[in-house]
Structure formats: C-alpha cells, structure tokens
Amino acid sequence: MKAPPFAYAAPASIEGALALLAAHEDAKVLAGGQSLMPALNLRLAAPSVLVDINAIPELSEVSITPAGLRLGALVRHSRIGTNSAIAGAVPLLGLAYPHIAHGPVRTRGTIGGSLAHADPSAEWPAVCLASDAVMEVRGPGGGRDVPAEEFSLGIFTTAIEPGELLVAIRFPAWPASRRAGFAEVARRDGDFAMVGAAVTVDLGADGTCTDARIVLFGASSRPVRRREAEARLRGQVPGAALLREAASLAAQGIDPPSDLHASAEYRRRVAPVMVRRALADALSLPEARLAS
Ligand SMILES: Cc1cc2nc3c(=O)[nH]c(=O)nc-3n(C[C@H](O)[C@H](O)[C@H](O)COP(=O)(O)OP(=O)(O)OC[C@H]3O[C@@H](n4cnc5c(N)ncnc54)[C@H](O)[C@@H]3O)c2cc1C
C-alpha cells in the first residue's frame with residue numbers, strides 16, 4: 001500500500017516545528033521515519049502534515065559534561081553505538097546497540113523516535129529507564145523534564161502531549177563503581193526483543209551492592225523496574241545464588257502478552273533467564289549465567 005496524501009514541512013528550528021504542530025492538530029513529527037513510514041504505508045496513520053525535524057541542527061547535538069550525557073532527540077542509533085565517547089559515558093547504550101535492528105535502520109532511526117514510538121520491545125526505552133534518564137520535552141508553553149519512569153505510559157503511548165516535541169535525553173553521570181548488563185532474546189538477529197533485561201549494579205569498595213536497577217522489557221506494555229529484585233541485591237555481595245534469586249524475583253508477577261512472536265508463557269519463562277544473564281554479565285560472574 002502507499003501512504004495517504006499529506007503535506008510536508010521541514011522547519012529549521014524547534015520554534016518552527018512547534019508552530020507547525022500547534023497549527024495542525026493531526027500533524028506527525030518525522031524523525032528517522034523507520035517506524036512512521038511503515039505505519040503510513042500500512043495506513044495505520046493518516047496525518048494531514050508531516051513535520052520533518054531533520055533540518056533542525058540543535059536536535060542532533062551531543063554533549064558530555066561532568067553532569068552527564070545529553071543526546072539530542074535526532075541522534076541516530078548508529079552514532080550512539082559507534083561513538084566510543086557516548087558508549088563510554090553511558091555503557092548501557094553501547095551494550096544495547098547491537099540488538100537494535102540492522103544497518104539501514106540504525107543509520108536513519110533516532111533515539112528520540114524510538115522513545116516517542118514507545119514499542120514495549122524496544123531497547124532504548126529500557127536503557128533510559130535503567131539509567132535514570134530524563135526526557136526534555138518542549139511545547140507551546142515552554143519546556144518540561146519527564147523522568148524515564150513517567151515517560152513510557154503503555155504500548156505506543158508516552159507522556160508527550162499533542163503539540164509537544166521530544167528535544168533531548170539527559171543521562172546523569174555514570175559512577176565509576178557502576179556495572180551494566182544487557183540481555184535479550186529475539187527470533188532473529190536484529191528483530192525486536194521478545195523479552196529483554198537492562199541492569200545496572202553499583203558496587204562498594206568491598207564488593208557490596210549499594211544500588212541496582214533491573215528493567216524488564218517486552219514483558220508488559222512498557223519497560224518496568226523490578227524493585228523487589230533490586231532490593232534483594234542491595235547490601236549484599238552478589239554471587240551466583242543471589243543473582244538467581246533476584247532474577248526469579250524480577251520475573252514474579254509479570255503478565256506478558258501473547259503475540260505472533262511468542263506466547264505469554266514463553267515470555268514468562270525466559271524473563272528470569274534474561275535478568276540472570278544481564279546481572280551475570282554486569283558482575284563478570286559467568287557461572288551465574290547457568291540455571292544452577
Ligand atoms: C526492519 C526494522 C527493524 C527494527 N528493529 C528494531 C529493534 O530491534 N529495536 C528497536 O528498538 N527498534 C527497531 N526498529 C524501529 C527503529 O528503531 C525506529 O528507528 C524507531 O522505532 C523510530 O525512530 P525513528 O527516528 O525512525 O522515528 P519515526 O519513525 O520518524 O517516528 C516514530 C514516531 O515517533 C514520533 N516522533 C519521532 N521523533 C519525535 C520527537 N522528537 N518528538 C516527538 N515525537 C517524535 C513520530 O511522530 C512517530 O509517531 C526497527 C525498524 C525496522 C523498520
């Protein structure tokens with residue numbers, strides 16, 4: 001099928017984009033087009049105007065300061081995954097990148113587009129949640145910060161209000177004591193995950209876990225922190241047995257969907273395995289990758 005007819009505008013500034021969004025209630029933002037164009041061609045969306053944000057230089061800016069990493073919403077997947085300074089600033093980004101799609105999609109797709117699209121199986125939203133990222137959203141009334149936890153609201157639904165634009169993603173500085181792990185299972189290399197886990201573990205000088213983030217994605221309508229499992233790690237020196245226990249706690253009570261790719265039962269069984277592997281990799285405990 002072909003996309004329905006639409007008008008096209010490519011403003012050169014954020015203000016220009018916001019003015020167009022305000023003037024056309026059903027306008028859609030076009031970033032990398034890797035999710036939007038298929039949706040148009042399948043006639044799942046029929047906006048009257050496409051507001052192409054690719055000509056707004058500010059949206060592609062990257063800055064790394066002592067406060068952390070700031071990625072413009074239009075920064076491409078490939079730039080994130082192949083720039084050692086970016087992956088050095090937030091190692092979880094570098095670990096997740098190889099799981100995202102294929103070369104052509106990576107060179108066009110953007111982190112902002114992925115976050116705004118809010119596919120529950122996408123990698124960047126899970127990474128943002130596990131890294132305490134904050135989304136900078138701008139609208140006609142000014143700017144506001146939305147913590148990752150409040151940003152993804154459900155399948156293809158975010159906190160972005162009509163007329164607003166996601167302009168940047170801020171990641172707080174990554175402590176030297178923080179380890180990261182990422183694991184997912186997909187039908188084929190580069191496919192969306194059926195289930196995945198993004199984790200961080202902070203270790204004290206004596207090897208005690210001082211803090212942890214465990215995020216499951218693909219297991220519900222949005223990526224979710226598994227706080228009980230995180231609490232199980234805090235104050236402990238992690239070993240294989242503890243990681244197995246935390247992993248099974250992380251998967252307790254999840255209610256995953258069944259779809260063409262996997263049944264709910266499969267996702268339920270695989271979720272703890274993904275958490276266990278991510279934690280084992282984060283802590284360099286290869287024996288903990290095994291079931292027992
Ligand atoms: C074959 C294939 C495989 C893929 N595999 C994966 C995968 O394994 N993992 C994965 O995570 N993704 C995957 N994707 C999706 C890909 O990552 C997309 O790039 C991403 O979902 C959307 O980013 P985009 O820049 O292309 O956004 P677009 O397609 O341009 O936009 C997507 C949506 O977000 C809105 N939007 C975009 N930018 C903004 C903004 N700054 N502010 C407000 N709204 C905005 C648009 O209006 C639209 O509704 C795949 C895509 C394809 C085609």
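Predicted model: local features only at pLDDT ≥ 70, side-chain atom pairs only at ≥ 80, totals over all residues.
Biologist: Which element gives the largest share of the shell around the ligand?
Modeller: Three elements, β2 (28-30), α7 (111-117) and β10 (165-172), each supply at least two residues of that shell. With 4 residues, the largest share comes from α7.

Biologist: How many residues of the shell around the ligand are charged?
Modeller: The ligand is surrounded by 30 residues, and Val-29, Gly-33, Leu-36, Thr-110 and Glu-123 are the closest. By class, 15 are nonpolar and 12 are polar. The charged residues number 3.

Biologist: Which residue has a polar backbone atom 2.9 Å from a nitrogen atom of the ligand?
Modeller: An N or O atom in the side chain of Thr-110 lies 2.6 Å from a ligand oxygen. A backbone N or O atom of Gln-34 is 2.8 Å from an oxygen atom of the ligand. For the nitrogen atom at 2.9 Å, the residue is Leu-166.

Biologist: What share of the ligand's accessible area does the protein cover?
Modeller: On its own, the ligand has 970 Å² of accessible area.

Biologist: Is strand β11 mostly covered or uncovered?
Modeller: Strand β11 spans residues 178-185. Buried here means under 20% relative accessible area. By that cut-off, 7 of its 8 residues are buried, so the strand is mostly covered.

Notes. Residues numbered from 1 in each chain as written. Heavy atoms only, no water. Near = heavy atom within 4 Å. Polar contact = N/O pair within 3.5 Å; in protein donor to acceptor, adjacent residues only side chain to side chain. Areas by Shrake-Rupley, 256 points an atom, 1.4 Å probe, with all protein chains shown as cover. Nonpolar A, V, L, I, M, F, W, Y, C, P; charged D, E, K, R; others polar. Buried < 20%, exposed > 50% of the residue type's maximum accessible area, 1.4 Å probe, protein only.
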